[in-house]
Amino acid sequence: MYDTLLAFGDSITQFGSNPNISGFVLHLSGYYSRRMDVLNRGFSGYNTRDALRVASHVFPRSTGMSQKGPERSFAFPETPKAPHLCLLFFGANDARLAPYAQHVPLDEFYENLHKLVMLLRDPNSDYYSPDTRIMFITPPAIGDRMVEDVARRNGYEPDRKNAVTKLYADAVKKVAKEHDLPVVDIWTAIEDLVRGSTSVDSPDCKTENNVAGFVESNTAEHDVPTEGASTSPFEGYEKYLLDGLHLNHSGNELLFRLIVSEIEKTWSSENTA
């Protein structure tokens, strides 16, 4: 059996297997074909509270005992083998504005991320897997005007703000740094592209070359802007987002490239791929 790459996240991850939007998980599966089996464990609507609730059905027990339960069908089928690489991609729903039920306060979100890591890193955890490589992905940027447009057309108040989501993206980077884990900062990558820059202001992001390469290879095909302010009513976010939240074709391709680049940069000496 091949090693496994586990993508654990919310609807952005779930939709990552959709070929109609060039899903990033689908791309990973093709890229790592015959090297790693890619498992999509994305759950629409889930936040980090939900992730902790279902983690026992997603991570295999380190004891090698096959777990039973009503949700077993979406977990590892009858195998105790731990994932070789785990992508943790949460925060988009946690950052939803209160009083929506999906909202998780920032301090709790920060603690929940630590708990997810420790499920795999704590020797006393039932899911202890010291050899599993963990990578965080920040929530993507939010297209505020797109969110407002969707809310207006569906008769409810806007429920997300890019400035709020940035705080959650920063929390992801902080937890990654505290555990010395790599992180893909898709929030900053999209922001820089929308603002017409291929450089990254954050010293923690380190995606400048990857974003620049994405722009060069996708501008002609997908009309990605590379300079100047956007004249779009949605400020350019529609280039990477379907509805102000979920990634579209270009957003998924960008994320795929950033993930592969970070994997190969971080673990190249260990021949992960």
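Good morning. Helix axes here are lines fitted to C-alpha atoms over the stretch in contact, and angles run from 0 to 180 degrees between N-to-C directions. Helices (H or I, at least four residues) and strands (E, at least two) are DSSP runs, numbered from the N terminus.

This is a predicted model, in which local features need pLDDT of at least 70 and side-chain atom pairs count only at pLDDT 80 or more, while totals for chains, interfaces and linings use all residues. Residues are numbered from 1 along each chain as its sequence is written, and side-chain values use heavy atoms, with hydrogens and water left out.

I begin with a helix pair. The axes of α4 (residues 106–121) and α6 (residues 162–178) come within 10 Å and cross at roughly 35°. Contact means heavy atoms within 4.5 Å; on the α4 side L106, F109, Y110, L113 and H114 take part, and they meet L167, Y168, A171, V172, K174, V175 and E178 of α6.

Next, strand β1. Six of the seven residues in β1 (residues 3–9) are buried, that is, under 20% relative accessible area with a 1.4 Å probe and protein chains only, where exposed is over 50% and partly exposed lies in between. Two strands pair if DSSP finds at least two bridges between them. A7 has N40 as its bridge partner in β2 and L87 in β3.

Finally, all nine residues of α7 (residues 186–194) are buried, W187 and E191 among them. Just after α7, G196 takes a positive phi of about 85°.
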